[in-house]
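Please look over the model below. The briefing that follows covers its domain layout and its metal site.

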Amino acid sequence: MSAPREPLSWEGEDVDAAAARRAALEHAALLAGARGEPLTIANEFAEVTVRLVDTRNGSRLLVEAPKSGQWVALDPMQVEALTWQGTATFSAMIGNPFGPLIPEASAGVVTDGSVREGGGPETLEGGSQ
Amino acid sequence: MTDQTGVIADVRRGMIPAHVYNDREVFELEKQRVFSRAWVFVGHESEIAQPGDYVVRRVLEDSFIVTRDEQGEIRAHFNMCLHRGMQVCRAEVGNASHFRCPYHGWSYRNDGRIVGLPFHKDAYGGEAGFARKGQRLLPAPNLATYNGMIFVSMDPEAPPLEEFLGDFRFYLDYYTKQSASGIELRGPQRWRVKANWKIGAENFAGDMYHTPQTHTSVVEIGLFREPKAEKRKDGATYWAGAGGGTTYKLPDGDLDQRLRYVGYPQEMVDRMKEQLSPEQLQVIGDDGFMISAASVYPNLSFVHNWPRVAESDDVLPFISIRQWQPISEDETEVLSWFAVDAEAPEEFKALSYKAYLMCFGSTGMFEQDDVENWVSLTNTAAGSMARRLLLNSRMGILEDDEPVTPPLGPDAFHGPGEARTGYSEHNQRALLNRWADDLERPPVRAATLTVGAQGSGAVDDQGRTSPQASDVEVPGEAVAQA
Ligand code: FES
Ligand SMILES: [Fe+2]
């Protein structure tokens with residue numbers, strides 16, 4: 001017999017749990033606003049479903065990967081921003097799987113030269129990849 | 001500017017110089033001394049329920065984007081682009097993770113932080129010329145919420161919201177916290193009336209006296225069971241902290257019976273019994289008073305009434321939140337929301353909304369009756385004769401300032417503040433006394449904020465960062481979403 005042990009926990013675990021709870025609530029609220037039928041796109045490497053979801057004041061595209069459970073809710077400008085990308089942006093994202101390519105703490109402003117700024121040497125080309 | 005000392009002294013003894021309801025100089029003073037420091041309502045959390053949801057609301061001429069950012073944080077950004085000052089959001093409501101200025105395309109995250117300037121390198125020399133780090137849409141100088149009600153103050157040194165509201169919070173709960181989930185809002189309907197903003201605020205604060213006269217027709221057609229003259233005076237008015245309001249006296253019965261009498265189904269009654277404090281329940285159950293209209297200084301009002309709906313004798317309660325947004329000395333934009341307990345049954349929500357539309361909102365019968373008076377009053381207050389007239393706002397006090405009716409004792413009225421039955425203008429005087437207090441205080445020193453200074457963010461000329469400006473880090477931000 002031994003005294004009841006303190007459950008083991010990693011540092012920051014409670015913060016993770018709170019964030020996960022918030023994400024779960026957010027996800028449920030988005031699904032509650034789902035409109036129309038989901039679309040599924042899949043190949044031998046990946047599978048995602050895409051749904052139009054209405055929030056109280058607008059709408060987003062809910063993109064979900066059923067296998068990992070990860071999801072993202074994109075607004076129109078984020079989707080438009082995809083149309084500006086070349087394959088290299090996606091290569092970089094795919095090359096760093098399951099987490100954000102750019103740390104959230106940077107708020108998207110990366111000044112070490114690794115992210116191109118508007119007006120740089122590379123010019124935009126019309127059309128797709 | 002004309003010295004207003006005389007005006008203030010008159011107001012303090014309950015004699016209102018008629019021109020304060022239509023006077024450009026007084027309105028200028030109100031801008032500088034009332035709306036520059038008071039906590040002003042800008043919306044409810046339920047109006048921006050999900051990340052990215054936003055509404056655009058004003059405090060006088062200042063437009064704010066009131067939004068829930070991607071992390072769930074509620075923010076109010078001054079709706080002016082840091083570049084040339086274009087309005088960033090022009091739609092009144094929407095959902096966006098980022099805002100993009102329509103003029104030259106500067107873009108901002110919905111937490112306010114700037115992310116991009118087109119041709120940043122070519123035009124500004126990149127980060128060396130214009131550092132994006134720390135630059136953000138200006139946050140409202142102060143932001144706080146109570147029961148999901150979002151308020152901003154233009155004074156960075158304003159006292160905390162809870163302190164400002166004071167004991168009025170006790171009464172605010174009846175309107176905004178009938179269950180653990182709080183209220184949800186529909187609207188607002190928004191329209192302009194040619195009336196001074198103070199008139200509506202005073203009316204909702206305590207004018208039980210106008211009900212039998214102004215709203216006669218509503219009683220005559222049988223829409224409303226209560227406002228017969230002899231019944232209205234049995235109600236109590238109360239003033240506590242930043243606000244006050246009116247109540248109706250309920251027939252004999254216990255708490256449950258009385259809440260059902262105004263039309264609450266038992267399941268809602270049960271949730272109120274869990275949610276409200278013993279004293280809050282005693283005001284209804286023991287003292288027999290049910291809250292009706294109320295105002296919070298300076299320009300926010302509430303109404304809770306229970307008209308007949310459908311053909312039967314059954315009544316059903318509704319709640320409306322309304323704001324008297326000043327446009328000028330003789331014009332007010334009315335914002336009128338329908339509010340309902342989020343946990344109420346769907347059928348109740350639908351009928352309650354119908355009850356609201358019959359009574360208030362741009363087509364509501366009470367609204368129509370009221371506004372006719374307020375427009376006429378404002379119009380008449382513009383001329384030279386009005387400058388010679390001191391309106392008598394002394395109902396409820398004798399010549400020696402002794403009250404006509406003593407306040408109710410703690411056993412007769414369990415709420416905080418001062419309450420009494422019968423017709424009086426104690427509340428209107430309390431509201432205008434706060435107004436006089438503000439008019440007497442020197443204006444809040446407006447701080448200027450510099451855009452684009454290296455790494456400074458929003459800092460005023462005294463080196464202060466506004467509370468939100470320094471608060472860039474968001475807890476849990478680095479945690480990957482799962
Ligand atoms: S004014 Fe907004 S980008 Fe120029
Ligand atoms: Fe009225």
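**Domains and iron site of chain B**

The centres of domain 1 and domain 2 of chain B, taken over C-alpha atoms, are separated by 36 Å. The model is predicted: local features need pLDDT of at least 70, side-chain atom pairs count only at pLDDT 80 or more, and totals for chains, interfaces and linings use all residues. Residues are numbered from 1 along each chain as its sequence is written, chains are lettered from A and ligands numbered from 1 in the order in which they are written, and side-chain values use heavy atoms, with hydrogens and water left out.

**Domain interface**

- Domain 1 spans 40–144 and domain 2 spans 169–438; the bounds come from an automatic or database domain assignment.
- About 1,000 Å² is buried between domain 1 and domain 2 of chain B, 53% of it from carbon and sulfur atoms; buried area is the accessible area (1.4 Å probe) that two parts lose on being put together, summed over both.
- F41(B), H44(B) and R58(B) supply 49% of the area that domain 1 buries against domain 2, more than any other three residues.

**Iron site**

- H210(B) (NE2), H215(B) (NE2) and D370(B), through two OD entries, coordinate the iron ion (ligand 2) at 2.1 to 2.6 Å; donors are N, O and S atoms within 2.8 Å of the metal (3.2 Å for Na, K and Ca), and water is not among the atoms, so sites may look incomplete.
- Along the chain, the donors of the iron ion (ligand 2) follow the spacing H-x4-H-x154-D.
- H215(B) and D370(B) are both buried, meaning under 20% relative accessible area, with exposed over 50% and partly exposed in between (1.4 Å probe, protein chains only).
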